[in-house]
Amino acid sequence: MTRSPAPRVRVFPTLEALTEEAARTLRRDAAAAVTRRGRFTLALVGGQTPEVLYRLLGAAGPRALPYPRLEIFWSDERAVPPGHRDSNYRLAWEIWLSRVPVDPRRVHRIRGEEGPDAAAARYERELRRTLGIPPRLDLILLGVGRDGHTASLFPHAPALRSARLVEAAVAPASPRKRVTFTPALIGAARRVLVLAAGREKARVVERALAHPPSDTVPASLLRGRNVSWLLDRAAAARLVRGHE
Ligand code: 6PG
């Protein structure tokens with residue numbers, strides 16, 4: 001991820017307003033990508049914040065996005081089968097993707113049930129095969145955890161310095177075995193949208209955006225020109241004014 005001192009940050013009054021902006025960005029980028037390249041390559045993420053976006057899109061009907069032209073990936077996954085309650089694939093599939101006309105051959109889930117190393121190696125091959133060279137996604141969705149993690153890049157993880165696209169990862173809490181995009185792949189994306197909402201995120205958002213970037217707070221590495229942070233007011237509470 002390219003490091004820049006001035007990340008793009010937008011603050012919205014509520015999680016709902018932030019989510020609507022994320023949906024608008026998806027629609028705009030998808031339309032532009034389909035016009036230019038015939039498809040829209042998108043990576044989803046787990047967590048409660050994007051869940052609101054997935055529900056909104058799940059209710060928005062079959063034409064809200066050019067679904068048959070979407071190539072869908074996941075930025076991270078837990079090493080569990082697809083039906084497991086901790087599966088990031090299951091979350092997006094149940095409340096959104098199963099309700100819209102996606103092409104099942106273009107829904108690329110991480111095979112967490114194969115174990116993190118095998119799943120990461122297989123996913124890297126799948127990404128390279130689908131995206132070509134250089135492997136560049138149109139849009140990657142990410143969240144931020146209170147300990148500073150993003151995707152499944154946890155503080156000081158070896159994956160932060162990896163030249164690969166996908167790595168096996170270990171989380172400090174259950175489910176511990178994970179698979180994650182690396183900064184190398186995230187940094188190459190045309191756009192990265194980081195979604196964070198709620199008072200409990202205020203401190204980590206401050207550490208990620210107002211302090212020097214460091215491996216202690218992996219989300220602080222999300223500062224490239226391709227990155228936009230969408231925050232609600234509560235998550236932005238500790239940032240100095242001027243980002244709105
Ligand atoms: C995961 C996520 C993770 C998430 C953050 C924020 O699989 O858990 O990919 O990186 O985005 O933990 O999660 P919330 O949106 O629930 O705060």
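Which residues do ring pairs link into a cluster? In this predicted model, the cluster consists of Tyr54, Tyr67 and Trp96. Local features need pLDDT of at least 70 and side-chain atom pairs count only at pLDDT 80 or more, while totals for chains, interfaces and linings use all residues. Residues are numbered from 1 along each chain as its sequence is written, and side-chain values use heavy atoms, without hydrogens or water.

The structure holds five aromatic pairs (rings of Phe, Tyr and Trp, the latter by its six-membered ring, with centres within 6.5 Å; planes under 30 degrees apart are stacked, over 60 edge-to-face, the rest tilted). Tyr67 and Trp96 pair edge-to-face, at 6.4 Å centre to centre and 70 degrees between the planes. Tyr67 lies in the loop between helix H2 (48-59) and strand S3 (70-74), and Trp96 in the loop between helix H3 (88-95) and helix H4 (116-131), so the pair ties together parts 29 residues apart in sequence. Helices (H or I, at least four residues) and strands (E, at least two) are DSSP runs, numbered from the N terminus. Both Tyr67 and Trp96 are buried (under 20% relative accessible area, 1.4 Å probe, protein chains only).

Helix H3 is mostly covered, with six of its eight residues buried. These are Asn88, Tyr89, Arg90, Leu91, Ala92 and Ile95. They pack against strand S2 (40-44), H2, S3 and strand S4 (76-78) (contact: heavy atoms within 4.5 Å). The charged end of Arg109 sits over the ring of Tyr89, 5.8 Å from its centre (CZ of Arg or NZ of Lys within 6 Å of the ring centre and within 35 degrees of the ring normal).

Methods: Buried < 20%, exposed > 50% of the residue type's maximum accessible area, 1.4 Å probe, protein only.
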